[in-house]
Amino acid sequence: YAFPLDSRVRRFSMKLTSSKWFDAVILLLIMYSCVLLALDNPHQENNEQLDTIINISTFLMTWVFFCEMLIKVIANGFVVGKGAYLRNGWNILDFLLIITSMLDLVMTLYFTGAEAQPREIIKGMRVLRATRALRPLRMIRKAPGLKLVVQTLLYSLKPIGNTVLIAAIFFIVFGILGVQ
């Protein structure tokens, strides 16, 4: 059970989230968001038209992805339930990306309106914007081959970490011997 909403709303959102065109539109918007991310360069000359397009599009993409999450939560539930939104690791990643994007959006709107803008705060907001670089990972969920590669990579991190630890110990021992 998701929310005490009208069953028609829940059925509509379930039908919407299970349709192929909904996924296709979201994938296109993710690709568009990636292009925007590639165009956003803090070291470029002041191009006000491009900055305006990037800012408006980023604002719209944040709200579109928030609405997508909301529709999926209405359809499946948030935490409680068999197919709840936060029961899937990829949805947790989506949730964290959306929350950081919303926080970045709120902070950007707040500090844009403020007359005195501390440089440290504005530089700190770049960290929130950097999390948008993880948006392409959302496309992995739709491709089973890529999903398998990423899962294999994640499973191999622990053995690789152990190997790196042993190699580091050998480097330290030989480094100490070399200094002596």
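Reply: In helix α1 (residues 7-17), Ser13, Leu16 and Thr17 are buried, where buried means under 20% relative accessible area, exposed over 50% and partly exposed in between (1.4 Å probe, protein chains only). Helices (H or I, at least four residues) and strands (E, at least two) are DSSP runs, numbered from the N terminus. The model is predicted: local features need pLDDT of at least 70, side-chain atom pairs count only at pLDDT 80 or more, and totals for chains, interfaces and linings use all residues. Residues are numbered from 1 along each chain as its sequence is written, and side-chain values use heavy atoms, with hydrogens and water left out.

Me: How do you know that the buried residues of α1 line one face of the helix?

Reply: Seen down the axis of α1, the buried residues fall within an arc of 90°, so they line one face. The arc is that of the directions from the helix axis to the C-beta atoms. The face turned away from the buried side carries the exposed residues Arg8, Arg11 and Lys15.

Me: What covers the buried residues of α1?

Reply: The cover includes α2 (20-39) and α3 (48-76). Contact here means heavy atoms within 4.5 Å.

Me: What makes Phe59 and Trp63 an edge-to-face aromatic pair?

Reply: Rings of Phe, Tyr and Trp (its six-membered ring) pair if their centres lie within 6.5 Å; planes under 30 degrees apart count as stacked, over 60 as edge-to-face and the rest as tilted. By this rule the count comes to 4 aromatic pairs. For Phe59 and Trp63 the values are 6.5 Å centre to centre and 65° between the planes, and the pair is therefore edge-to-face. Phe59 and Trp63 are 4 residues apart in helix α3, which separates them by about one helical turn. Phe59, at 34% relative accessibility, counts as partly exposed, and Trp63 is also partly exposed, with a relative accessible area of 36%.

Me: Why is the pair of Phe78 and Phe95 called edge-to-face?

Reply: The ring centres of Phe78 and Phe95 are 5.6 Å apart and the planes stand at 70°, so the pair is edge-to-face. Phe78 lies in the loop between α3 and α4 (89-113), and Phe95 in helix α4, so the pair ties together parts that are 17 residues apart in sequence. Phe78 is partly exposed, its relative accessible area being 31%.

Me: Why are Leu165, Ile166, Ile169, Phe170, Val173, Phe174 and Leu177 called a nonpolar patch?

Reply: Patches are made of residues with over 30% relative accessible area and no salt bridge: like charges are joined within 9 Å, nonpolar side chains (Val, Leu, Ile, Met, Phe, Trp, Tyr) within 5 Å. These residues form such a patch on the surface, with about 730 Å² of accessible area together, from the Shrake-Rupley method with a 1.4 Å probe; for residues, only the protein chains shown count as cover. Phe170 is found in helix α6 (residues 144-179).

Definitions and conventions. Salt bridge = Lys/Arg side-chain N within 4 Å of Asp/Glu carboxyl O.
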